[in-house]
Amino acid sequence: MIRNNQIADLFDEIADLLDLQQENPFRIRAYRNAARLLRGLQREVADMLAKGEALDELPGIGADLAGKIRDVVETGGTELLYRLRRELPHGLVELLRVPGLGPKRAKQLHDELHIASLAGLRAAAHAGKLTKIRGLGPKMQATILAATEAPPQEKRILRWRAKPVVDSLLAHLKAAPGVQQVAVAGSYRRARETVGDLDFVATAKDGAAVVAHFIAHEDVAKVLAQGATKASVQLRDGLQVDLRVVDEESYGAAMVYFTGSKAHNIAIRRLALQAKLKINEYGVFKGSKRLAGKTEDSVYKALGLPFIVPELREDRGEIAAARRLPDLVERRDLKGDLHSHTKASDGQSSLEEMVAAAQAAGLRYLAVTDHSQRLTVAHGLDRKRLERQRAQIDKLNARLKDFRVLKGIEVDILEDGKLDLPDAVLGELDLVVAAIHSHFNLAPEKQTTRLLRAMERPYFTILAHPTSRLIGEREGCRFDMDRIIKAAAARGCFLELNAQPERLDLTDIHCQAARAAGVLVSIGSDAHRPADLDFLAYGIGQARRGWLSAEDVLNTRPLSRLLPLLKRTMG
Ligand code: DGT
Ligand code: CA
Ligand code: CA
């Protein structure tokens, strides 16, 4: 089954090729937007089509694009792409990735110097031929040369994006002949925000049979290495996957080794050396005698340590503190969610649908925090519309049992630190979630002042997605996080760990700092549709990496304990 990511890659290729032909910009943008939409979708479109659902209801997907998606799902390609590929050499697309080379220039390089690939470009730049192109000087040539010789940037993908791949590979490996145990290790198991590649550990008597089964997975594009106990493959979407097969006696040792992190491994190896022991992926040894290896527990025990959960294995103090590690927060500790949207602003579902989803997710309260008026792109709420929503929530609450909808807003923090609605309006709400949505690039000192001013407002409850970073796309705002944390502690307000997989904002390190300062963290889904409540699990992963226990998280409180905490900030 073709995945959304793969369809998106083909649409991006179409956009690139249209770009090279200097086609209508609107047409090009339609393909780029569709690719972005596909990458962000919760559901696989191949699944939707298989169930007979219409695609042209997806935002921005008209009948034409829907037809192309269907072609790709059914046949692996579409006529337009084939035609474009026939008209232009594929290597030209690579040229567009070189900084400073637009479609016009790339086409020129092709037409005038017959350059049709990155390798060709590099050779021509080396030979000093690029300056033959009108308007391309020696300086530009040097820039291009440097860019083509720079090592390719490390490509990491969001952990959330890797999840379906991990699930599919786990299921596949479990069906391998003679396989006993199968587990994912590496950064994925440590719940890092992004993963560089995936690592699996399996146990079996006959490793080669498991390896053979593994590389036969339908998504495998290339086998990079294959042996009797290990393999590395590249999937069709470019992601690399490593597999290691050991015998059962070594399962725990292999899991410790391949879960890492490398820094954690080095630190525990140091402990082993001090105790005159040897540790590797097969076990803990004294001389040639294996002391431990079957379980992770046994491995840590042999080193004089209690079990350390994967999320903490970063050599950030977890070994020294191994006996006093916090009991980390779990998904089932969450009693509610304090950040969500409905159709009233930019959400896709009604208030009732969001509440039903929160109930189904095992929550007991949900704060509805639609955007405020300033965010016109998100159809932000003004005083009047907010009043109407409050009345709607009152009505709904009267009907609900064992569940409470909290009245909130995601109020915009303006450039000068004022909030986008007057105190009188904010004071009517149960809580005020505040966030920056513009002027991300203020100088750090100015940004800090802006946030501090906002936090001084009487009805400020939670600072949402504090840095506003988008992983891999936008750096976070620069400001003095320590001062913000101190101010939150002094003011009795809270910081959010936004659980959207591309935000995960606070970072793990920020969470540790908030915890040290006694500032409670709110894990908010920022859900825009029911399925987004699944993001909470990713927020939990990040919180665990940040050493947070249930006590350190605001929304682990039952409503009766939550409400006084929200009040305190408003008093
Ligand atoms: P990634 O893939 O960049 O997101 O991060 P990891 O942590 O998954 O790293 P990866 O895939 O290179 O290796 C998986 C684990 O194997 C790593 O966490 C620790 C272990 N490992 C890899 N190379 C070394 C090494 O040179 N020394 C030690 N002690 N362990 C290593
Ligand atoms: Ca890895
Ligand atoms: Ca690896």
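Is Asp526 buried or exposed? I opened the notebook with this residue and found Asp526 buried, at 3% relative accessibility; buried means under 20% relative accessible area, exposed over 50%, and partly exposed in between, with a 1.4 Å probe and protein chains only.

**Ground rules**

I noted that this is a predicted model, in which local features need pLDDT of at least 70 and side-chain atom pairs count only at pLDDT 80 or more, while totals for chains, interfaces and linings use all residues. Residues are numbered from 1 along each chain as its sequence is written, chains are lettered from A and ligands numbered from 1 in the order in which they are written, and side-chain values use heavy atoms, with hydrogens and water left out.

**Backbone entries**

I stayed with Asp526, which lies in the loop between β17 (521-524) and α22 (535-545); helices (H or I, at least four residues) and strands (E, at least two) are DSSP runs, numbered from the N terminus. Phi of Asp526 is near 55°, a positive value in a residue other than glycine.

I then looked up Leu504, which is not a glycine either and has a positive phi of about 35°. Leu504 sits in the loop between β16 (494-498) and α21, and with a relative accessible area of 5% it is buried.

Leu506 is placed in the loop between β16 and α21 (508-516), and the peptide bond that leads from Asp505 to Leu506 is cis, with omega near 15°. I found another cis peptide bond from Gly260 to Ser261, with omega near -5°, and Ser261 has its place in the loop between α13 and α14.

**Ligand 1**

I counted the surroundings of ligand 1 next: 16 residues surround it, and the closest are Arg156, Ser187, Arg190, Gly196 and Asp197, where a residue is near a molecule or strand if one of its heavy atoms lies within 4 Å of it. The shell around ligand 1 divides into three nonpolar, seven polar and six charged residues; here Ala, Val, Leu, Ile, Met, Phe, Trp, Tyr, Cys and Pro count as nonpolar, Asp, Glu, Lys and Arg as charged, and the others, Gly among them, as polar. At least two residues of this shell come from each of α11 (186-189), α13 (251-259) and α14 (262-274).

I went through the polar contacts, each a pair of N or O atoms within 3.5 Å (within protein, one must be able to donate a hydrogen and the other to accept it, and residues adjacent in sequence count only if both atoms are side-chain atoms). An oxygen atom of ligand 1 lies 2.8 Å from a polar side-chain atom of Asp197. A nitrogen atom of ligand 1 is 3.3 Å from a polar side-chain atom of Asn265, and a nitrogen atom of ligand 1 is 3.2 Å from an N or O atom in the side chain of Arg269. Of the 600 Å² of accessible area that ligand 1 has on its own, the protein covers 73%, with areas from the Shrake-Rupley method and a 1.4 Å probe; for residues, only the protein chains shown count as cover.

Asp197 lies in the loop between β3 (194-195) and β4 (198-204) and Asp242 in strand β7 (residues 240-246), so the pair ties together parts that are 45 residues apart in sequence.

**Ser468**

Not counting residues up to four places away in sequence, Ser468 touches Ile436, Phe440, Arg474, Cys477, Arg503 and Asp505, where contact means heavy atoms within 4.5 Å. Ser468 and Asp505 are 37 residues apart in sequence, and their C-alpha atoms are 7.0 Å apart in space.
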